[in-house]
Amino acid sequence: MNQNLINTGILAAAFLVLFVTAELLYHRFKVRAEITRKIVHVFTGVFTLLFPPMIQNHWLVLVLCGSFLIILLASWPLKLLPSINAVDRKTNGSILYPIIVYSCYLFYQSYDSLVIYYIPILILALCDPIAALIGKNMHWKPYTTFGHKKTVSGSLAFLISALILSIILLITIEHHSYSTAIILGSIIAIATTIAEAISHGGYDNLSIPATAVGVIIFFDQFTTMTCLN
């Protein structure tokens, strides 16, 4: 338990350093909030990857995620953390992020499956920014979902990166066969791409990982039932 507490403190310090760095970039070096927000998004995802190996108690993860949720909620009325909040669009993504991280951790412990934690978090941390970067720079074949603009180039970038990521993790962590990894990875990639395409206002921080978790659980239960029959 002592080591868990020490590791929780180390991770809390790492997150605080990340927030301070983002604020420094925004205030001192005049980096736009859209960029500092993406930096925080990516590195937060990287840091949360350390939760399973470093913290074996979900209550400590809850304290960690809950603390940052309180900080983020308080930052809105107090006009704090502009490196995260000072964007031109209305978004709830930063508020949803600690909630979904803790939820994924609970699923990981309940199902004793690392991919049920790593795949959703990594798709959110890496594939979503990749899609945004490609979509804004290439802007190939724009389309609209529920009144919000997306691009086919961004969606394809999300799909391909999510597919590659999922297959690699399914093979290296769960040791699935290549065929199973390709099938499951394809389903995850397609489902999360659809979730990303129809989600707006930061709710992709909820829909993308929730979709990935749902697909993994359903696929596992389906294959188990098939084997039993």
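Predicted model: local features only at pLDDT ≥ 70, side-chain atom pairs only at ≥ 80, totals over all residues.
Visitor: Okay, take Phe-15 and Phe-51: are their rings stacked or edge-to-face?
Guide: The ring centres of Phe-15 and Phe-51 are 6.2 Å apart, and their planes sit at 70°. Planes over 60 degrees apart count as edge-to-face. So the pair Phe-15 and Phe-51 is edge-to-face.

Visitor: Is Phe-51 buried or exposed?
Guide: Buried means under 20% relative accessible area. Phe-51 has a relative accessible area of 1%.

Visitor: Which element gives the most to the largest nonpolar core?
Guide: That core has 57 residues, and Phe-51, Ile-55, Val-101, Tyr-117, Ile-119, Ile-123 and Ile-188 have the most contacts inside it. With 12 residues, the element that gives the most to this core is H7.

Visitor: What does Tyr-117 touch, leaving out residues up to four places away in sequence?
Guide: Tyr-117 is one of the residues with the most contacts inside the largest nonpolar core. With those sequence neighbours set aside, Tyr-117 touches Thr-48, Leu-49, Phe-51, Pro-52, Val-101, Cys-104, Tyr-105 and Tyr-108.

Visitor: Let's go to the surface. Which helix gives the largest share of the nonpolar patch?
Guide: The patch is made of Met-138, Trp-140, Leu-156, Ile-160, Ile-164 and Ile-168, with about 590 Å² of accessible area together. Its largest share is 4 residues, and they come from helix H8.

Visitor: And how does Trp-140 count by its relative accessibility?
Guide: Trp-140 lies in the loop between helix H7 (115–138) and strand S1 (142–145). Its relative accessibility is 42%. Buried is under 20% and exposed is over 50%, so Trp-140 counts as partly exposed.

Visitor: Last one: is Glu-196 buried or exposed?
Guide: Glu-196 is found in helix H9 (residues 178–198). Beyond its neighbours within four places in sequence, Glu-196 is in contact with Asp-128, Lys-150, Ser-155, Phe-158 and Ile-208. Its relative accessible area is 7%, so Glu-196 is buried.

Methods
Residues numbered from 1 in each chain as written. Heavy atoms only, no water. Patch = residues over 30% accessible without salt bridge, like charges linked within 9 Å, V, L, I, M, F, W, Y side chains within 5 Å. Areas by Shrake-Rupley, 256 points an atom, 1.4 Å probe, with all protein chains shown as cover. Salt bridge = Lys/Arg side-chain N within 4 Å of Asp/Glu carboxyl O. Helix = DSSP H or I, 4+ residues; strand = E, 2+ residues; numbered from the N terminus. Buried < 20%, exposed > 50% of the residue type's maximum accessible area, 1.4 Å probe, protein only. Contact = heavy atoms within 4.5 Å. Phe/Tyr/Trp six-rings, centres within 6.5 Å; stacked < 30°, edge-to-face > 60°. Core = buried A, V, L, I, M, F, W, Y, C linked by side-chain atoms within 4.5 Å.
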